[in-house]
Amino acid sequence: MKTLPGVILVRPQLSAITDMQLCREAGWNPILLEYLNLKPDFLALTNLSAQCLNTDVMLWNSPATVYLAAKFVPKNLQCIHVAVGKASANALYNQGFTQIICPEDGCDSEAVARLPLWLQQKGKFLLVKGMGGRNWLPSHLKTLGWKVEVAEVYERIPQLLDWSMVKKEKNLQAIYLTTTAAVKAWFGQLPPDLHALSKSLLYLVHHPRIVDALRQYEVSIKLVSNLQRGLDFLHSCRKE
């Protein structure tokens, strides 16, 4: 039986649900390494149903946020749901939401800020996210006249990577990293006997900040707008 080529995903499990499905549909075997455990804040989640009332726009910053918080938000809420990327948009759709938009030219705060929506109307904006992280987008939207609220619905708990998942695979070709924290976890915990493998992989990333974080490790990097684009690139390389 032919072994499928493998792609390593360094992500929390809830964020990787759509990614793993994309890999399998494209003929790749996804190897999930969880560098974070997402601990729900049940008080914040319980308060979310009231906090989202009279909201004009809700922004969901990751698929994990959708899977953790969607059941606390009424499906008939009359607002626009903005997803940071296509994976988050798909998660919202699968949870029964409508009026979903996401950027076509990236999957970060800057791409969200470029959406015409922010200049076409004003109102109440609610960002649903984990604790900590960047505050650039809420600050930016305030300058545009939006009333901004933030719901931090989970805590990120670092955890050790399960390297046995990597060592048992015989045909690993690429790795997908979505944060600089994932870069630090991968190289900071990398066992010496996997050093050669780490150099042989193609590193798929979706943001220049992650490219910068990887440069010191002298690895092959491909900047893509999302994982689907990365898989398309891998497929084209296999055909050549």
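Predicted model: local features only at pLDDT ≥ 70, side-chain atom pairs only at ≥ 80, totals over all residues.
Residues are numbered from 1 along each chain as its sequence is written, and side-chain values use heavy atoms, with hydrogens and water left out.

The largest nonpolar core has 53 residues. A nonpolar core is here a set of buried Ala, Val, Leu, Ile, Met, Phe, Trp, Tyr and Cys residues joined through side-chain atoms within 4.5 Å; buried means under 20% relative accessible area, exposed over 50%, and partly exposed in between (1.4 Å probe, protein chains only). The residues with the most contacts inside this core are I8, M58, W60, L177, W186, Y203 and L214. Helix α9 (residues 180–189) supplies its largest share, five residues. Helices (H or I, at least four residues) and strands (E, at least two) are DSSP runs, numbered from the N terminus. A second, separate core of 17 residues includes V84, V112, L115 and F125. In soluble globular proteins, nonpolar side chains tend to be buried together.

Seven aromatic pairs were found in a search of the whole structure. Rings of Phe, Tyr and Trp (its six-membered ring) pair if their centres lie within 6.5 Å; planes under 30 degrees apart count as stacked, over 60 as edge-to-face and the rest as tilted. The pair of W60 and F97 is tilted, because the ring planes stand at 50°, with the centres 5.8 Å apart. W60 belongs to strand β4 (residues 57–60) and F97 to the loop between α4 and β6 (100–101), so that the pair links distant parts of the chain, 37 residues apart. Both are buried, W60 with a relative accessible area of 0% and F97 with 2%. W163 and W186 also form a tilted pair, with centres 5.1 Å apart and planes at 50°. W163 lies in the loop between β8 (147–158) and α8 (164–167) and W186 in helix α9, so this pair ties together parts 23 residues apart in sequence. Both tryptophans are buried. Ring pairs join W163, W186, F187, Y203 and Y217 into a cluster.

S88, in helix α4 (residues 86–94), is buried, with a relative accessible area of 4%. Leaving aside residues up to four places away in sequence, S88 touches W60, N61, S62, P63, V66 and A83, where contact means heavy atoms within 4.5 Å. In helix α1 (residues 17–25), T18, D19, M20 and C23 are buried. Just after α1, G27 takes a positive phi of about 85°.
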